[in-house]
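Hello,

Here is the structure I said I would pass on. My notes follow it.

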Amino acid sequence: QVQLVESGGGLVQAGGSLRLSCAASGTIRSINGMGWYRQPPGKQRVLVATITSLGRTTYADSVKGRFTISRDNAKNTVYLQMNSLKPEDTAVYYCNADCTTFSITRPRGEYWGQGTQVTVSS
């Protein structure tokens, strides 16, 4: 009942910036936590950043000081501003949302976007 769509990925040189967006839609009552994860080639998916409904944020050590997560609750959208990008940031980035829905069988659950590719060249 919930769909997440990421956008904003692409190819950028080291030191450059990208801004990812993820919009949620569907039978949503409210969105609780939201987050960004990434999966580098040949590696497992890992947490990048999270943000609560009240705006509290957490970041992986590898992106602290370079990435900023934010959200617009009115638009059900979460963003990830990525600055000073490094080749090590190359990965598929996934949006995640913990949603309260109108579903009887699944009133609350986590949902994932399809992923967007970020490639950072040296």
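Which residue forms a salt bridge with Lys64? The partner is Asp61, and the closest N and O atoms are 3.1 Å apart. A salt bridge here is a side-chain nitrogen of Lys or Arg within 4 Å of a carboxyl oxygen of Asp or Glu. Asp61 is exposed, at 65% relative accessibility; buried means under 20% relative accessible area, exposed over 50%, and partly exposed in between (1.4 Å probe, protein chains only).

This is a predicted model, in which local features need pLDDT of at least 70 and side-chain atom pairs count only at pLDDT 80 or more, while totals for chains, interfaces and linings use all residues. Residues are numbered from 1 along each chain as its sequence is written, and side-chain values use heavy atoms, with hydrogens and water left out.

The count of salt bridges is four. Asp89 pairs with Arg38, with 2.9 Å between the closest N and O atoms. Asp89 lies in the loop between β8 and β9 and Arg38 in strand β4, so this pair ties together parts 51 residues apart in sequence. Strands are DSSP runs (E, at least two residues), numbered from the N terminus. Asp89 is buried at 1% relative accessible area, and Arg38 is buried at 7%. Salt bridges that share partners join Arg38, Arg66 and Asp89 into one network.

An open sheet of four strands runs in the order β1-β3-β8-β7, with antiparallel pairing; two strands pair if DSSP finds at least two bridges between them. Its edge strands are β1 (2-7) and β7 (67-72). Six bridges join β7 to β8 (residues 77-82), and Arg71 stands opposite Val78 in β8.

Regards
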